Amino acid sequence: MMNKKRILGAALALLVSAPMFAGTYTFKIANPKEGTKLEIQWRTTGETDMVEVKDGVAIISKNDFTAQYVKIYYGVRFSFIMYLEADKDLTVNIDAQTRKLSCT
């Protein structure tokens with residue numbers, strides 16, 4: 001019985017001390033289309049996030065995930081795939097008119 005408690009205690013200590021990965025991703029959109037949302041599809045979970053674009057900026061914060069490729073859509077004809085690291089913040093500059101992007 002005592003060994004089970006020690007094992008359980010050690011397991012809980014590991015869970016509590018394990019780092020939770022989080023990142024904030026900012027999408028700055030030049031020439032935004034009125035009412036168009038940014039859509040992010042997470043490859044590992046299949047989850048999709050719809051993000052409001054306000055004054056040409058869409059921000060998403062994601063907690064507790066692993067680095068992965070995501071597919072990002074803006075409007076009907078503009079999509080791209082990028083790799084998001086779980087423990088780093090990123091700013092993506094998008095020109096909706098020319099369909100060009102850059103990251104910082």
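The following conversation goes through a predicted model of one protein chain.

Q: What does the secondary structure of the protein chain come to?
A: The chain has 1 helix and 8 strands.

Q: Which strands make up the mixed sheet?
A: Another 4 strands form an open sheet with mixed pairing, in the order β4-β1-β7-β8. Here β4 and β8 (100-103) are the edge strands; each has a single partner, so one side of each is left without a neighbour in the sheet. Neighbouring strands of this sheet are turned by 15° against each other on average, direction ignored.

Q: How many bridges join β1 and β4?
A: The two strands pair in the antiparallel sense over 7 bridges. Within β4, valine 57 is the residue opposite lysine 28.

Q: Back to the antiparallel sheet. What does β2 pair with?
A: Strand β2 (residues 38-42) pairs with β3 in the antiparallel sense over 4 bridges, and glutamate 39 has methionine 50 in β3 as its bridge partner. Strand β2 also pairs with β5, again in the antiparallel sense, over 5 bridges; leucine 38 stands opposite tyrosine 74 in β5.

Q: What lies between the strands in the hairpin of β2 and β3?
A: There are 5 residues between the strands, and glycine 46 in this hairpin takes a positive phi near 80°.

Q: Changing topic: what about the largest nonpolar core?
A: The largest nonpolar core has 23 residues, and Phe27, Leu38 and Met82 have the most contacts inside it. Two or more residues come from each of β1 (22-30), β2, β4 (57-63), β5 (68-74), β6 (78-84) and β7 (90-95). Strand β6 gives the most, with 4 residues.

Q: What does phenylalanine 27 touch?
A: Leaving aside residues up to four places away in sequence, phenylalanine 27 touches Leu38, Ile40, Gly56, Val57, Ala58, Ile60, Ile72, Met82, Val92 and Ile94.

Q: How many aromatic pairs are there?
A: A search of the whole structure finds 2 aromatic pairs. For phenylalanine 78 and phenylalanine 80, the ring centres are 5.6 Å apart and the planes lie at 45°, so the pair is tilted.

Q: Are phenylalanine 78 and phenylalanine 80 buried or exposed?
A: Phenylalanine 78 and phenylalanine 80 are both buried.

Q: How much of the protein chain counts as buried, and what does the chain expose?
A: Of its 104 residues, 29% count as buried. The chain exposes about 7,300 Å², and carbon and sulfur atoms supply 55% of that area.

Q: Finally, what share of the contacts joins residues at least 24 apart?
A: The share is 52%, taken among contacts between residues at least 6 apart in sequence.

Terms used. Residues numbered from 1 in each chain as written. Predicted model: local features only at pLDDT ≥ 70, side-chain atom pairs only at ≥ 80, totals over all residues. Heavy atoms only, no water. Buried < 20%, exposed > 50% of the residue type's maximum accessible area, 1.4 Å probe, protein only. Contact = heavy atoms within 4.5 Å. Areas by Shrake-Rupley, 256 points an atom, 1.4 Å probe, with all protein chains shown as cover. Pairing = 2+ DSSP bridges. Core = buried A, V, L, I, M, F, W, Y, C linked by side-chain atoms within 4.5 Å. Phe/Tyr/Trp six-rings, centres within 6.5 Å; stacked < 30°, edge-to-face > 60°. Axes fitted to C-alpha atoms, helices over the stretch in contact; angles between N-to-C directions.
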